[in-house]
Amino acid sequence: MQPGEKLFTIKFISIDQKINFSTVAKNTDIFTKLEGSLYEKYPKYKETENYFLVNGLKLNKHKTLDENKIKDN
């Protein structure tokens, strides 16, 4: 790990509760990398239009976890 990097546990939970998935990521990871991990576990969702919220705000998939203000858990 590089200076300033931290490991986070990231949880994906869908509104209908069909997705409940956790993964480990670095605060410097681009969100699309995590999205890829989610689709490996739940491949049928790869074919749908999805958006992600953190603290009620839609996040930018092309920014890092830090830039999206995503915290551990």
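The model is a predicted one, in which local features need pLDDT of at least 70 and side-chain atom pairs count only at pLDDT 80 or more, while totals for chains, interfaces and linings use all residues. Residues are numbered from 1 along each chain as its sequence is written, and side-chain values use heavy atoms, with hydrogens and water left out.

Leu65 also belongs to the largest nonpolar core, a group of 17 residues in which Ile10, Phe12, Leu38 and Leu65 touch the most other members. Such a core is a set of buried Ala, Val, Leu, Ile, Met, Phe, Trp, Tyr and Cys residues joined through side-chain atoms within 4.5 Å. Two or more residues of this core come from each of strand 1, strand 2 (20-26) and helix 1, and helix 1 supplies the largest share, four residues. Helices (H or I, at least four residues) and strands (E, at least two) are DSSP runs, numbered from the N terminus. In soluble globular proteins, nonpolar side chains tend to be buried together.

Strand 2 also holds Thr23, which counts as buried because its relative accessibility is 16%; buried means under 20% relative accessible area, exposed over 50%, and partly exposed in between (1.4 Å probe, protein chains only). With neighbours within four places in sequence set aside, Thr23 is in contact with Phe8, Thr9, Ile10, Phe12 and Leu34.

Turning to the aromatic residues, six pairs are counted, with rings of Phe, Tyr and Trp (its six-membered ring) pairing if their centres lie within 6.5 Å, and planes under 30 degrees apart classed as stacked, over 60 as edge-to-face and the rest as tilted. The rings of Tyr42 and Tyr45 have centres 6.3 Å apart and planes at 70°, so this pair is edge-to-face. Tyr42 is buried, with a relative accessible area of 17%, and Tyr45 counts as buried at 17% relative accessibility. Ring pairs join Tyr42 and Tyr45 with Phe12, Phe21, Phe31 and Phe52 in a cluster.

Tyr51 sits in the loop between helix 1 and strand 3 and is exposed, with a relative accessible area of 53%. Its C-alpha lies 8.7 Å from that of Lys61, and the two residues are 10 apart in sequence.

Gln17, in the loop between strand 1 and strand 2, has a positive phi near 70° and counts as exposed at 54% relative accessibility. Lys69 has a positive phi near 60°, lies in the segment after strand 4 (57-58) and is exposed, with a relative accessible area of 58%.

Terms used
Contact = heavy atoms within 4.5 Å.
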